[in-house]
Amino acid sequence: MPARHQRVTAPSDDLAAALEAIRDELSLDAAFPPAAIAEAEAFAADPRLPDADRTGIPFITIDPEGSTDLDQALHLERDGDGFLVHYAIADVAAFALPGGAIDLEARRRGQTMYAPDGRVPLHPAVVSEGAASLHAGEVRGAYVWSFRLDASGRALRVGLERARVRSRAQRSYAEAQRLLDGGDAMLGLLREVGELRIALEAERGGASLDMPEEEIERDGDEYRLTRRELLPVERWNAQLSLMTGMEAATLMLGAGAGILRTMPPPPERDVRAFRAEVAAIGEPWREDEHYGDFLRRLDRSEPSTLAILQAARRLFRGAAYRVITEGADASDWVQAAIGAPYAHATAPLRRLVDRYVLAHCEAIANGREVPPWAAEGLEGLPEIMQESSRIAGTLERASVDAVEIAVLRHRVGEEFDAVVVESRKEGATIQLIDPPTEAMCDTAASPGERIRARLVEADLAERSLRFADAALTG
């Protein structure tokens, strides 16, 4: 399920304590065992770099402002009437040695865990934010993908090698957008390829949830929530990652080895519920329109759109990691939201499974046997990733709930427009239109109905947020 991205600036003592308590309840500890730190420091002092040299490719990175764990670097150029895309991914296999302390700890953690006030990383910072991160001006080891695309943006040929790279510049999304708007030629190609890939996404029935970032700023004893709408360059950049994951899946399916990220189509009952919910919000969804097309055409500046995107998360459920079996049919391995088979392959600094996918794909692309550590490491990997995803989801939901209580607690007694999502014995789940918040509500209204909900409780210590139907309370 797509994550909500919240960042809290200067949290109050009680909010900071609530967020810390959530991590404690989930047994999340940012500290690493001494043996893992020692391994990381040894690698940082003497990095193992590939022989192949691709430092001549003028890569750049594009990430959120202030990012330090840089997984990906990109470069695009014209190739006849098509394009040549180089995409470099941090080489985690170079320092996470099989059976070593870093490897064992990463398999325990599964992925980096994100909270509004910080993160619990997958790998020690000396490598994930230092020696392995694709920082500008530094020579790094990487898995370098090469995609030759036709004029429509479809991949014609795919290559993958381990090589040394050197990024030329680290760009934030805002910087990249300014350069692109100012006529930067390479970023102009990113726009062209990104738009072509978005068109292909629509053609294959794909969908994406580009949730805005939420900044929560303290204002005295209160909090103010602002949302940053995604810039176009972020969507185009994301398409390169999606393309890489799709091509990685194609390679592994062709070889009958590897691990994919799959997701079933949304059940009809979820589609019906979502259709009723968006109708109550006031945004018609045509019967003949795919939900991906519907989500793409929404005006991201409207508060109601944020509520719809939040509601749409219920269509993106049931994702799983599946080890490929011999004779696998691609049609049985589709990630429904993407509309194609897909693998996680572009964030190895932050997600365990990507390291194994990259090792499989590099061997397959070059006609070699998959390294034994990568093949054997698939055992238990789906369970590791599912459990870490469960924890990440719990952390996100609990943290978002705590932040929303902090944002709303000075508004007890106010009324809000809301839509009933689900009815239960203990009350109904509602979705506020603005702010797009899910909470419990005492109401007799049925799912899909729109109501006015009065905030009756916002207790951060108890982590309780509750509303009542204003029509019932008078």
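Q: Before we start, what does contact mean?
A: Two residues are in contact when they have heavy atoms within 4.5 Å of each other. The model discussed here is predicted.

Q: Then which residues is Asp-270 in contact with, leaving aside its neighbours within four places in sequence?
A: With those neighbours set aside, Asp-270 is in contact with Arg-314, Leu-315 and Arg-317.

Q: And where does Asp-270 lie?
A: Asp-270 belongs to helix H8, which covers residues 268-281.

Q: Is Asp-270 buried or exposed?
A: Asp-270 is buried, because its relative accessible area is 14% and the cut-off for buried is under 20%.

Q: Turning to salt bridges, how many are there?
A: The count comes to 38 salt bridges. One of the pairs is Arg-409 with Asp-14, whose side chains meet at 2.7 Å, N to O. This pair links distant parts of the chain, 395 residues apart: Arg-409 sits in the loop between helix H13 (381-408) and strand E16 (415-424), and Asp-14 sits in helix H1 (residues 13-25).

Q: How accessible are Arg-409 and Asp-14?
A: Arg-409 counts as partly exposed at 26% relative accessibility. Asp-14 likewise counts as partly exposed, at 36%.

Q: What about Arg-148 and Asp-79?
A: Their side chains also meet in a salt bridge, at 3.0 Å from N to O. Arg-148 is in strand E7 (residues 139-149) and Asp-79 is in strand E3 (residues 72-79), so that the pair links distant parts of the chain, 69 residues apart. Arg-148 is partly exposed with a relative accessible area of 28%, and Asp-79 is partly exposed at 30%.

Q: And what do the side chains of Glu-415 and Arg-452 do?
A: They form a salt bridge at 3.6 Å, N to O. Glu-415 lies in strand E16 and Arg-452 in strand E19 (residues 450-459), so this pair ties together parts that are 37 residues apart in sequence.

Q: Which residues are linked in a network of salt bridges?
A: One such network links Glu-283, Arg-286, Asp-288, Glu-289 and Arg-297.

Q: Changing topic, where is Lys-425 found?
A: Lys-425 is found in the loop between E16 and strand E17 (427-432). Lys-425 is exposed, because its relative accessible area is 89% and the cut-off for exposed is over 50%.

Q: How many Å separate Lys-425 and Arg-148 in space?
A: The C-alpha to C-alpha separation of Lys-425 and Arg-148 is 56 Å, and they are 277 residues apart in sequence.

Q: Which residues does Leu-240 contact, leaving aside its neighbours within four places in sequence?
A: Leu-240 is in contact with Leu-74, Leu-76, Val-85, Tyr-87, Leu-190 and Val-193.

Q: What follows H11?
A: H11 is followed by Gly-367, whose phi is positive, near 70°.

Terms used: Residues are numbered from 1 along each chain as its sequence is written. This is a predicted model: local features need pLDDT of at least 70, side-chain atom pairs count only at pLDDT 80 or more; totals for chains, interfaces and linings use all residues. Side-chain values use heavy atoms; hydrogens and water are left out. A salt bridge is a side-chain nitrogen of Lys or Arg within 4 Å of a carboxyl oxygen of Asp or Glu. Helices (H or I, at least four residues) and strands (E, at least two) are DSSP runs, numbered from the N terminus. Buried means under 20% relative accessible area, exposed over 50%, partly exposed in between (1.4 Å probe, protein chains only).
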